[in-house]
Structure formats: C-alpha cells, structure tokens
Amino acid sequence: MATTEECRSALKRLSDNLARADGDVRSATALDRSLSCHITDLDTTFTGRLRGGRIEVADTHDGPPREKAQIRLAMKGDDLVAMVDGDLNFAKAWASGRVKLEAGFRDLVRLRSLL
C-alpha cells in the first residue's frame with residue numbers, strides 16, 4: 001500500500017508531467033480550478049488547485065474532502081502511483097471504477113483529452 005508521502009510525490013510528478021505536456025493535453029490542463037484527490041485506502045485527501053497546467057497541493061487532511069472541489073478525484077494510493085508511473089491506464093481505470101473523476105460538464109469535456 002502506497003504511503004501518504006508516496007502519493008504526494010506521485011502528485012508532484014504528475015504536475016511536472018502536465019507542465020511539460022503540449023497540444024491537447026496542455027490545453028486541457030490550462031484551467032484554474034479547485035482540486036481534491038481522496039486516497040481511499042489511506043482515507044487522506046490532498047486539496048489544492050489545477051492552475052496553469054500544474055497541480056498545486058495546498059493541504060492534506062484525514063478523511064474525505066471537506067469541501068466540494070471543482071475537480072474531484074478518488075482512488076487507492078497504489079493506483080495513483082501506478083498511473084503516474086505509466087503502469088495503469090487512466091481511461092481503463094476510470095472506466096472500471098478504480099478511479100473516480102467528478103467535475104462539471106464543461107471541465108469534463110476539456111479534460112477528456114487526458115482520458
């Protein structure tokens with residue numbers, strides 16, 4: 001089971017990957033939205049913003065998200081690490097229910113290129 005620090009590191013690597021992206025992926029992440037990532041097996045939530053193609057983690061707390069972020073992710077820590085490492089395909093994990101992504105319709109349309 002991935003630790004909180006491994007999940008934080010994976011989110012940082014994901015942010016770095018998004019910042020280096022170009023084309024459709026870069027434009028999909030060029031949003032300014034609140035973001036939460038609930039790591040279900042650790043019952044820990046990372047909160048912050050997706051801004052300018054980067055994920056900025058501002059806080060970590062125990063339990064589910066305290067406020068409804070504009071973009072909400074939920075998954076096990078091992079799945080987060082595997083996705084960032086390239087060992088788990090986001091679209092397949094999302095389609096199978098291993099990863100949950102919730103957002104407004106317009107944001108989902110923009111984020112579809114990540115799927």
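The predicted model contains an open sheet of five strands in the order β3-β2-β1-β4-β5, with mixed pairing; strands are DSSP runs of E of at least two residues, helices are runs of H or I of at least four, both numbered from the N terminus, and two strands pair if DSSP finds at least two bridges between them. Because β3 (54–62) and β5 (100–103) stand at the edges with a single partner strand each, one side of each lacks a neighbour in the sheet. Neighbouring strands are turned against each other by 20° on average, direction ignored. Residues are numbered from 1 along each chain as its sequence is written, and side-chain values use heavy atoms, with hydrogens and water left out. As the model is predicted, local features need pLDDT of at least 70 and side-chain atom pairs count only at pLDDT 80 or more, whereas totals for chains, interfaces and linings use all residues.

Strands β1 (residues 32–39) and β2 (residues 44–51) run antiparallel and are joined by eight bridges; Ser 36 has Thr 47 of β2 as its bridge partner. The pairing of β1 with β4 is parallel and extends over five bridges, with Met 75 in β4 as the bridge partner of Ile 39. Between β4 and β5, four bridges form in the antiparallel sense, and Ala 74 stands opposite Lys 100 in β5.

Strand β4 (71–75) is mostly covered, five of its five residues being buried (under 20% relative accessible area with a 1.4 Å probe, protein chains only; exposed is over 50%, and partly exposed lies in between). Ile 71, Leu 73 and Met 75 point one way from β4, Arg 72 and Ala 74 the other way. In a regular strand the side chains alternate between the two faces of the sheet.

Helix α1 (residues 4–20) lies across β1, β2 and β3 and runs at about 165° to β3; axes are lines fitted to C-alpha atoms, for helices over the stretch in contact, and angles run from 0 to 180 degrees between N-to-C directions. Helix α3 (residues 77–85) lies across β1 and β4, at about 110° to β4. In α3, seven of nine residues are buried, namely Gly 77, Asp 79, Leu 80, Val 81, Ala 82, Met 83 and Val 84. Their cover includes α1, β1, β4 and α4 (90–96), where contact means heavy atoms within 4.5 Å. Just after α3, Gly 86 takes a positive phi of about 85°.

A search of the whole structure finds one cavity of 30 Å³ or more. On a 1 Å grid over the protein atoms alone, a cavity is a set of points where a 1.4 Å probe fits but cannot get out, a pocket is an open set with protein on both sides within 12 Å along at least five of seven lines, and lining residues have an atom within 4 Å of a point. Grid points are joined across faces, edges and corners, and a volume is the space filled by probe spheres set on the points. The largest cavity has a volume of about 60 Å³. Its lining includes Leu 11, Leu 35, Phe 46, Ile 55 and Leu 73, and β2 gives the largest share, four residues.
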